[in-house]
Amino acid sequence: RAEELLSKMEVRAVVSTTSKKANSFGLSPAELPRPDALSYQNAIACWGVSAANSYPGAASRAMRLLDAMEAQVNPGFESFGADDSRNYLLDHIYNEAVRPNRYVFTTLIMTCACTQLEEDKPDALRIAFDAYNRMIDAGLTPSSDTYAYLLKCCENLLPHEAQRDQRNELSRTVFDAARDNGAVNSRLLLCLRKCNPVLYESYQS
């Protein structure tokens, strides 16, 4: 439902720019609300609820929203040589307000951590760390919550005894990054204790 409302906002905003006339709401095209980063973040969070309730492919659907955000702030101007084409992209596609921030990336990682379906867990793990890497590439600084949810991903998406070595190695990498960035707090340590108790004890000693 949240994604459906978001799509309607996007379509209405694009259609409105093709006409200078007032719409049925009595607003000019410039006055119509357009989605922003918070709109997308809320829609991604709804997929987190779906993931926790075993909805198939929830993390993938959330990732598609991030892809949509990035497409609107990186619309590929280099492939449009003519000024008219560039202006069309600026008027109809480009939307700086949806540039992903660290809260958007962290919410997507949280959605992945909520995944309950066993068949979705490998993909959710990949998406979580892909989102983290994109966050770093965008020059954004992860928060302690970002690292905490990555540890939750390690705990929930690699739960089996046969995955212990991979879980421990990955969680150590996450914790080392959090420590290097000064992002260790009590909540993150709680997540570490659940995910990698040996590393937690060594850090506490």
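These are my notebook entries on a predicted model of one protein chain.

**Ground rules.** I number residues from 1 along each chain as its sequence is written. In this predicted model, local features need pLDDT of at least 70, side-chain atom pairs count only at pLDDT 80 or more, totals for chains, interfaces and linings use all residues, and side-chain values use heavy atoms, with hydrogens and water left out.

**Overall fold.** I looked up the secondary structure and found ten helices and zero strands. Helices here are DSSP runs of H or I with at least four residues, strands are runs of E with at least two, and both are numbered from the N terminus. I then checked burial: 40% of the 205 residues in the chain are buried. Buried means under 20% relative accessible area, exposed over 50%, and partly exposed in between, with a 1.4 Å probe and protein chains only. The accessible surface of the chain is about 11,200 Å², by the Shrake-Rupley method with a 1.4 Å probe. Carbon and sulfur atoms hold 51% of that surface.

**Core.** I looked for the largest nonpolar core, and it has 51 residues. Such a core is a set of buried Ala, Val, Leu, Ile, Met, Phe, Trp, Tyr and Cys residues joined through side-chain atoms within 4.5 Å. L108, I109, Y147, L150 and C153 touch the most other members. Among the elements that give two or more residues to this core are α2 (37–52), α3 (58–73) and α5.

**A loop residue.** I found N95 in the loop between α4 (83–92) and α5 (102–113). N95 is buried, with a relative accessible area of 7%. Apart from neighbours within four places in sequence, N95 contacts R34, P35, Q72 and V73.

**Rings.** I counted three aromatic pairs. Rings of Phe, Tyr and Trp (its six-membered ring) pair if their centres lie within 6.5 Å; planes under 30 degrees apart are stacked, over 60 edge-to-face, and the rest tilted. F175 and Y203 have ring centres 4.9 Å apart and planes at 85°, so I noted this pair as edge-to-face. F175 is in helix α8 and Y203 in helix α10, 28 residues apart, so the pair links distant parts of the chain. F175 is buried at 1% relative accessible area, whereas Y203 is partly exposed at 33%.

Notes
Contact means heavy atoms within 4.5 Å.
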